[in-house]
Amino acid sequence: MVLFVFLAFLLGQPTGLAAIDFAETIRPILADKCFTCHGPDSAQRKAGLRLDRKESSLAPLASGAIAIVPGQPAESELLKRITSDDASLKMPPPEAENPLTQQEIESLQSWLAEGASWEEHWAFVSPVRPDPPPVKDFKEVNWPRGDIDRFVLRALEASGLSPSAEADRETLIRRVTLDLTGLPPTINEINAFLYDSTPQAYERVVDRLLDSSRYGEHMAHYWLDAARYGDTHGLHLDNYREIWPYRDWVISALNRNIPFDQFITEQLAGDLLPDPSTAQIIATGFNRCNVSTNEGGSIKEEVYVRNVVDRVVTTGTVFLGLTLDCTRCHDHKYDPLTMNDFYSLFAYFNSIDGQPLDGNRKDHAPVMKVVTEQQQQTLNQLKREIQGIETRLQDDWDSVDQQQQLWEQQFKNSTVADLEKEPLVLNDWYAMGPFKDDKRYLYRRQQGPETKSGTNISVAEKFSLATGEKISWKHHPEWKDGEVHTGFAREPGVNFLMRTIDSNRAQKIKISLGSGDAIKVYFNDNLVLENNVTRSVEPDQEQVELDLHEGKNYLLIKLVNYGGRSGFYFKATADLPIPAEIQAIAQRDPTQRDDKQQDELRQFYRFKVCPDKDLAALVAELTATQEKRATFNASLPTTLIWRERAEPKPAYYLVRGSYDQKGAERPRDTPAILPPMNKAWPNNRLGLARWLTDPGHPLTARVTVNRLWQQLFGTGLVKTVDDFGTRSERPSHPKLLDWLAVEFIESDWNLQNMMKQLVMSATYRQASDMTSEALSRDPENRLLSHGPRFRLDAEMLRDQALVVSGLLVEKMGGPSVKPPQPDGLWFAVGYSDSNTVRFVADQTPEQIHRRSLYTFVKRTSPPPQMSTFDGPSREACSVQRERTNTPLQALLLMNDPQFVDAARALALRTLVAGGQTDRDRANFMFRTCTGRHPTIQELNELVEAVKVDRDFFTANPTAAQSLVYGDSTTTNSVMQKAGAEAGKTDIENWAAWTVAANLLLNLDEVVTKN
């Protein structure tokens, strides 16, 4: 028989055996064993043969041989080489680490004999909606309920398996509530579902969950993994990075159920949309979540390349499901992706209007202020107050105007010679800032006008902040010499003061200065004073003598604020004259002055001369209100955004991926293997987003629905969720994947609609019980003969403990919080200069009992509760979490202070609301944690355990006291929530039920989705 089959292979005759499937059998063999030397990578390709391309495989080689001759195995060079006994001819070479197996050789022989059918890799072909296959009904288990089930059922039938019955209602509502909100259902929600006997009962539950704000919070944690969101830079000092408004945008967008193509577009290119909203610009924080650094010795160009590479690789993983990182240094060895493809995508992400090095700042430019409606109202109110005061200062003041007229009289009879008697004029102050930088560099690094050393600075000249915003000098005629002036921003930064001094001859003057923190003084291109100090501003802290030359002299003062209240003091030791220009205006008849002259005269008199106390008080009020506005404005959060440079930065092919080895310039373009971008679209990130979400794109929708499937079932239809390339695992249900992708697109990318279809399916609703037959035929449940069962994610475990205990604080959005964690973790990886070197836990329940989504993520030391349960560090894009099972996880659940807090609170909740008897309370606690009633045996064991522990704590009251009041903050909060009844609880009973609660929160059934 074997001889007959082999002869049939050689002769190309059919054997009557099942045809070899190219996509399922042959391409994986070629990719695994042949593509290294005969694949996409041109640098490694041998003999000019590409076995990933049909035309190359069928074409004559230089030797005249043809690798594949359909239907003629004996003529195919491929077969000759893989079966050769000659070491110099055999392929793969004898020294290859991954030789062909005998079964693989036979598969290739059969395929050649059958005609060598060829098809393109499924992932690179646009999906077409397939018709759901006909199947028989399994009415006893309510199969099928919809089109999804028909595809699954067809695969089950082909494997001789049958679907499982629907999970019981308690299991089902717990499963779907966890999957759509990340939290378990309450007993009242379970009861309402159990008592609802209408056919629409389950659908009503699904609709309620999708409508909950908890839905967006839960779905966001999957997306933030992919977006590599974190609260620190991720390298070196790993300082705080303020980008939490982007996280809040993700939650809001998911709750608003904006179309997923819009969700993608706003994150990739919200700033390029016509008249973008604040929210759309915040969304571009997706592009800014990459790890960054400001480490000393870092090479700017190298960091720039690394930042852009991260964005390209993230885009490839999240939207394309392709391993683009392979093509940074060489053409892909397995997929038809080239270095040219990589650096053409690179060109879309390299033109940010900001610097690569992050300055160790929380607001590494470009950034924007994020102002709530209420905060904007406060700013508007302060603006109105300032404008009101300024208006009052400009109003007619009869008494002041009369004093000014008397003052003007002294100039009426002055001659030109009289005006020239005074040789010195100090002109008005101008101010600019704040310029921001890392605190270490504020003093020694030059910013803005300092780069000109104080020479010839025009009041019309503008300078750029780190954000790219250009700012102008602000005129301050109200600043009188001899007074302390504040009103600068309280956060660290640099402000500059500038004034000119006119002198009709060379002379010396002495000035006295004061500053809030460090000061530098430049005079006529010379640094005449510097003092790097931390202090509060006071008069006469510094004195310096200035050498004036004839004409205009330039004074520039740099004020460095290291944080807190800042200000300056200035006074000239000599009596300074009234400027000649002012005297000249005062000499004129009032009817001969123009408006500008009249205003200059009034400004000078009111702010520099007038002794009126009421006017002085109003000036002081203006200064105080300006300071109040500056302080409030400094407190407003910022978020990292994307802003495009005015002129795109050129991108280059980098030889071997090295930042300093530039090859040819690369234009913006999409990978050649995929459909080209519509020429009507702009060739920028906005066009790229439209290309990704074009209905004909073969990958984006497939990749997305596959991750949704993984989210619900534990494994994607394509198991390799981050790799849809030629070495990916073939979809378990290829037609179902295409059906879902097309359905997603044709529903206008409605994410909630897709989630609803998935959880409404009979496939999803199955019980998790596995039969021995299913275990032997389908051990990984890829055919879906039963429901999903896997451990909850890290966030869900902690949030579940908080919600069943009654501790959860459901406040949405805002800055990240720091629940308790073991001391020293941050310090072990931190630098002394870092602002995250020491972990300081938040103290109030409103902070420490919020959902885990809001926990502060320090990338070099992620929250241990998260990392222990396989949460990613967020240093890189992650679309698939591992699920490990270690003893450390059980130790954490039973001993971590947060879980002990939850056990303590759940115990008190049970004592207050669970009934009057131990059995009632045990039933309440068990059902609260698991979602179901306990069996008689389970109930008896739990009651007995409580009795034993109660006896122990009665005999050991100190131990009971320590357990119940281990954290007075949490205990007091729990007792306040429980109300007056909590005060009636004896300590020994509370402690015993705390142990029971601690046990239940660690049960496999509680930490697992069944």
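This is a predicted model: local features need pLDDT of at least 70, side-chain atom pairs count only at pLDDT 80 or more; totals for chains, interfaces and linings use all residues.
Before I turn to the model, one convention is needed: an angle of 65 to 115 degrees between two axes counts as roughly perpendicular. Helix α8, residues 169–181, packs with helix α11, residues 213–227, at an angle of about 70 degrees, and their axes are 6 Å apart. The two helices, α8 and α11, are therefore roughly perpendicular to each other. On the α8 side the contact is made by Leu178, Asp179, Leu180 and Thr181, and on the α11 side these meet Arg214, Tyr215 and His218. Sorted by class, the residues of this contact are three nonpolar, two polar and two charged.

Let me now step back to the protein as a whole. It has 1010 residues, of which 55% count as buried, and its secondary structure comes to 40 helices and 19 strands. Taken along the principal axes, the C-alpha atoms fill a box of roughly 130 × 90 × 50 Å. If we consider contacts between residues at least 6 apart in sequence, 74% of them join residues that are at least 24 apart.

The next topic is the nonpolar interior. In soluble globular proteins, nonpolar side chains tend to be buried together. Here the largest nonpolar core has 119 residues, and those that touch the most other members are Trp223, Tyr246, Phe346 and Leu740. Helix α15 gives this core its largest share, namely nine residues. Taking Phe346 as an example, and not counting residues up to four places away in sequence, we find that it touches Tyr304, Val305, Val308, Val309, Val312 and Ala651. Another core, of 46 residues, lies apart from the largest one, and among its members are Leu802, Ala905, Leu942 and Leu1000.

Finally, I would like to look at two residues in loops. His121 sits in the loop between α6 (102–113) and α7 (147–158). Is His121 buried or exposed? Since anything under 20% relative accessible area is called buried, His121, at 5% relative accessibility, counts as buried. Its side chain reaches the backbone oxygen of Phe724 at 2.7 Å, and the side chain of His121 also reaches the backbone oxygen of Gly725, at 3.0 Å. Leaving aside neighbours within four places in sequence, the residues in contact with His121 are Arg27, Phe724, Gly725, Thr726 and Ser728.

The other loop residue is Pro819, found between α29 (794–805) and α30 (825–829), and at 6% relative accessibility Pro819 likewise counts as buried. Pro819 and Ile848 are 29 residues apart in sequence, yet their C-alpha atoms are 4.4 Å apart in space. Apart from residues up to four places away in sequence, Pro819 touches Arg798, Phe839, Ala841, Ile848, Thr855 and Gln898.

How values were computed:
Residues are numbered from 1 along each chain as its sequence is written. Side-chain values use heavy atoms; hydrogens and water are left out. Axes are lines fitted to C-alpha atoms, for helices over the stretch in contact, and angles run from 0 to 180 degrees between N-to-C directions. Helices (H or I, at least four residues) and strands (E, at least two) are DSSP runs, numbered from the N terminus. Angles under 35 degrees count as roughly parallel, over 145 as roughly antiparallel, 65 to 115 as roughly perpendicular and the rest as oblique. Contact means heavy atoms within 4.5 Å. Ala, Val, Leu, Ile, Met, Phe, Trp, Tyr, Cys and Pro count as nonpolar, Asp, Glu, Lys and Arg as charged, and the others, Gly among them, as polar. Buried means under 20% relative accessible area, exposed over 50%, partly exposed in between (1.4 Å probe, protein chains only). A polar contact is a pair of N or O atoms within 3.5 Å; within protein, one must be able to donate a hydrogen and the other to accept it, and residues adjacent in sequence count only if both atoms are side-chain atoms. A nonpolar core is a set of buried Ala, Val, Leu, Ile, Met, Phe, Trp, Tyr and Cys residues joined through side-chain atoms within 4.5 Å.
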